[in-house]
Amino acid sequence: VNRYSLQLSRRETWPRRAGHRTTTYASTNPIRRLITVAGSLELTTIGLLWLFGLVLAGTFHQLAHSIQETTAVFFHSWLVYAGPVPLPAGQLVLAILGLNLIVSAFTRIPFRWSKVGLFIIHLGLILLVIGGLTQRFNRRESVLVLAEGESDTYSYDLQRWDLITSGSEDERYPLDGLPPQIGGLPVVLQHYLPAAALSWTGGAEVINSEGARSLVPSTLIGGNPVPGVVMQFGNEMILLHGADRAPTVTESGMELRIQPSRYPMPVELQLEEFTAEFFPGSDTPKAFTSRVRVTQGDVARTAVISMNEPLRLRDYTVYQLGYDDGGRRDISVFQVVQNPLRWVAYVVTLLISAGLFVHLIIRLIDVRRRQSL
Amino acid sequence: VSRRPGVPLKRSVFRHVVVRVVAIAALAVAAAPAIAQDPVLPDLAPPDLALRDIPRDLATVPVLYEGRSMPLESAGRLALYRLSGRNRVGELGSTGWFVRLLLDPFSAIEDKVFLVNNPATLDAIDYPDPHRGRYSYLDLYGSLGLLNSLAVGLSAVGRPLDATEQELVELGNNVLLFEGLASTFDLFRNAAPAAAGGGPAESELRRFLSTGEITRADLSELPGMLSLFPVRSADGIAWLTPSGAVSHLMQDPAAAPHLRDLLEAWDVVLPAFLLADSGALAHGSRLLAQGIQAVRSDGYELGPTGIEVLSTRLNPVRWAGVALGLALGLSLLLGRRTRAIQWVRLPVGVAVIFLTAAQIIRFLITHRPPVTDLPASFLFVAWIVVIVGFGLTLASKQAGRVGVFLSTLAGLGLIYLARLVTGGADIFGVVRAVLDTNFWLTTHVLVVTAGYGGVVAAGVAGHIYLIGRLYRPHQSASHQSTLRIMFVLMLAGLALAFLGTILGGIWADQSWGRFWGWDPKENGALLIVLWASIALHARVTRWFDNAAFASAAVFGNVVVLFSWLGVNLMGVGLHSYGFNDSSFVVLVGVSAAETVFAVGAWLWIRFGSSEKGMSRTTIASVHRDGDAVVITLRGDPVPHDRGQYLGVKPEGFDRAKPFSFVDTAEDSDRFLIGPSGPLSTYLANKARAGETVLVGRPSGEFVFGTHAGRDVVMVAGGVGIAPIVGLTREALAAGHTTTVICASRDHLYLDDDLRKLERENGDLVVLRLMSRPPEGWDGPVGRISTEAVETLLDGAGRTGAGADWYICGSCEFCATAREIARASGARDIFEEEFATALEAPPAPTFAADAVFLGPGGTGGRTVRIRPGQTILSASLDAGIEIPHSCMIGTCGECGCGIAGGGATQAVAPREAGPGDTVLTCVAYPGEPEGLVFSVEEKEK
């Protein structure tokens, strides 16, 4: 018996037979109608179609914008604006599709052994959507750049930036959560530009160590965007940019700058040697390898990190991302990822592959049987 | 042109001439690559050189190029492909060009080998007349300094480069490669300073070989110099350039004695080539081959160059193309002949063998999954598709036809694409660091590429389906078979592409800690997954009918092309691995053609001639009545007699199903539809107001025709009440005393309408009987039987004796009611069965010729009915429009009189003879000759 039907009026249900779907569109009960729409295959199709258009737009958008920018606009957001018109963006569409999937599992898809493959696939998909959304808020991605001989216990998040005061390492305030007062002076964030360049013309009276007057959107394509902020600090307007060479000094003598947020790593990493190998006679990279010294408390050991061979430390994984492109080939760039839910993707893969193949085999048997008729 | 009797001349000409021409053209296309000169070992025949051929020994000498040992000719092909994106320079093949570049660089500086796609690149280096094209070293010579400084500068800017900047860097690197290759044998050419005592000038190498000394210590190595001398090293084999070999010998003259032999052999080859002395060149090449042989016998592992040479000579991919072309031509020539599939299967099988060999060879040479670059992945998909097609030829005849077209069209197309991208023969390149061997990468790329193959194969099946629907609109069985194959291929494509995409995510997670990054290539794979999902889901929701699904499958090819080639052309993202201009033209051209075909074919099928005789209308309202619905159509009612039915065809169904008019009101057409069979179930459960349906013409003999004075008894079982309502009104209007008996299981359909009629007409009595009544039912309970009916009639003071009985319901119900009517002393009995699809009788194995006479026995056209073809299908193919509707033997629309011969059919009489009517949609000829049918013109 359909669980859902039981809660509703008996008159509106009809017997379910093999091959028949119990639909409820004729109902006048608004809640039931809503549930029907929420779990309908039509909504799935519209969602998929929308996602198709979104992905296509997001792909072409990258012709003129950085991948981070595109991701933020199209995929890691709830709404995307076509001019003034807000339209559903990636997160919203995926959330709707996930909800649709869950509702449909309870209301629409009757379990039959011939559909067991589809069931497993959709279970995997539900897990994928839930896992994706949780990871979106659970997973931390940061970067570590080391020259040979250098070491660090922090990794740096190029997407989130901190305000640092007085040059002290301890006084860090995340830009997206500034306290109302720092050092007894009121702080108000006036303007934040995630991808900013400095301009030496126009603007109001601001203080900046480079002498810049205002911020303009960066026209740089690709790479990691560098942000800029204009903030009121006491009575002064301060302009800070991620690429400022020196801190900006306030009237009260406080030194201000912005830097990527940093996360402590469970170990200290020291780059001992970095090698970038290229195919002879070409600029095609063959392998990047970093030999690092991993120090945890009193214990130190050597590890080799190369492409496809990351260093795994509990929830942390350190990957070889590349080398410094600035003409130097002795600076190694690592990606540090903290992700307690890595296993989700693997479970999803297992579920979906199992489901797909079960369903395919059932379909093949079905086609074969029909052809033999 | 021979013409079959009965086939119009125009059609006959089309079939015979056009199809044959296409077949011959296909054969010619297949033959072309076989006849065409193979670019592998081309003539080296500039007029100033007397040499005809590069000796085989020289072309196959192993060298190190792009990090892998390979025959010299393969290195030449790769190098030329990298520089110019093709495999020949004017009349010169890649091997000839490469050998000349190495041995006689001054002749090579005028070869136009540097491909520049973007004129802005030439602007940037102050080239005087910039246009897109290929340039020689000499052309660029004046701009080389600027090019070099720009390329070096741009390599170091540390930000992503735009297309022009990328091309500048690439061009700079290509020039470096060219210069490196050209200086490989400098030592052999540079004259040593004259010896102290005068004497003839000799090369530095000659001096070194004779004295063990080198006068000018410039043994520097340029990037791009070719490494030709293997020596043992700590990690196996190291390959040295000539300068490196000399350095090695200087450090330890006894270390590698074979180096001296090889240097001496090259020292014979070089002057022989410069002097165009073919005898000496052959001798030097032999020395080289012997030297290499000696090195191999010393236990040096120089890689599988032998296999590569063999593969280059055999070129299995080309032969696979030939076999597929042959299969296509044969299948077009043989058409639908009985044994055609067996004949065509053979060349397809041969193609499978050749393509499998190509895949194995590729794996043996590169030690990588055979999908490391674009042409390789084309060939991999071709392999998959041809195997699937071959498998289908083994499955069944219907599937075999699809399989043949699938393997030949998709296989040839993909092989052509691969050749187009590489400019000819197979190349075996190297892969970038992040793409290097890794379990997840290997499975990801293999699975996702196989997924592309599935979607492409479904697209080809979509073509076959759409062309079939356009060309032979009535061969439903064949279309259904294609549709099923297309569905499974699409499902398989979706499964593999989805799985491959997730595996790609895992690989990305393993490699750089990011499961998904919205990179264009990832998006491309996702687009394929999404498109396949949309097509499959929209088919279930019936937003896509079969033709739309096939069009979506065809458009799937465009999506695959975009993901496969398009994102590479965009020049962004990690995955871009190069393109050239011809692939862009192919991409745009094929995408446009496919889109036009998909949309055009769908529009034609949807709105074109294939739905002749049906008109489009929309559903005005849907009201539930138990498990059935009452559907009201919008617009003016169709003129009909009460009791008749109308064929209704919702979107997405291939054929209409007849439904009786429910004549409760005059202002619109209404139908009662219960859930039985896919079409009715769809209408009963899913149809909604505003939906478009196609309707045919009203027909049916179940109309009111009782003589005045008689009583009328109407008996309806379940939804059989539909025509009874109208008939009852008709009977009441004619003044008959009317009794309606409604028998049902658990719900009385149209009961409100009947009660209204009862209230309005004193002469009407409605008796109700339910076998499983709902709670609260106080009427009689039970199944219909003589006793039950008599009790009911007696209770109402009515009698069935001498009355006309109208019966409607399922077959079993009608049979029972008929017996009751007879037992009650009925005068006339009219009945209508609601039948389900009839099983056609076993199809005959012979073909038959039948003559179709027009109305009144006029005209007369002979039609060939093929084995397994129904009489209706053959007549429709021949252009004789027998009226038809349901195609399942229930509506009776397609009935024809038999004037001669016999036919077997699904309804009684099963063996129909002269004088009988035969339902042509479920009938086959009973004998091969002497069949004559008379087609009566039905009243419209």
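I looked up B:Cys814 and found it buried, because its relative accessibility is 0%. Buried here means under 20% relative accessible area, exposed over 50%, and partly exposed in between, with a 1.4 Å probe and protein chains only. I then checked B:Cys896, which counts as buried at 3%.

I noted that this is a predicted model, where local features need pLDDT of at least 70, side-chain atom pairs count only at pLDDT 80 or more, and totals for chains, interfaces and linings use all residues. Residues are numbered from 1 along each chain as its sequence is written, chains are lettered from A and ligands numbered from 1 in the order in which they are written, and side-chain values use heavy atoms, without hydrogens and water.

Next I looked for disulfides, meaning pairs of cysteine sulfur atoms within 2.5 Å. The count over all chains is zero. B:Cys814 is in no disulfide, and the nearest cysteine sulfur, that of B:Cys808, lies 6.1 Å away.

I turned to chain A and found seven helices and 18 strands. These are DSSP runs numbered from the N terminus: helices are H or I with at least four residues, strands E with at least two. Of the 373 residues of chain A, 43% count as buried.

I picked helix α5 of chain A, residues 90–107. Its 18 residues reach 25 Å from first C-alpha to last, close to the expected 26 Å, where the expected span is 1.5 Å times one less than the number of residues. Among its buried residues I listed A:Val93, A:Leu97, A:Asn100, A:Leu101 and A:Ser104. An α-helix has 3.6 residues a turn, so residues three or four places apart point the same way.
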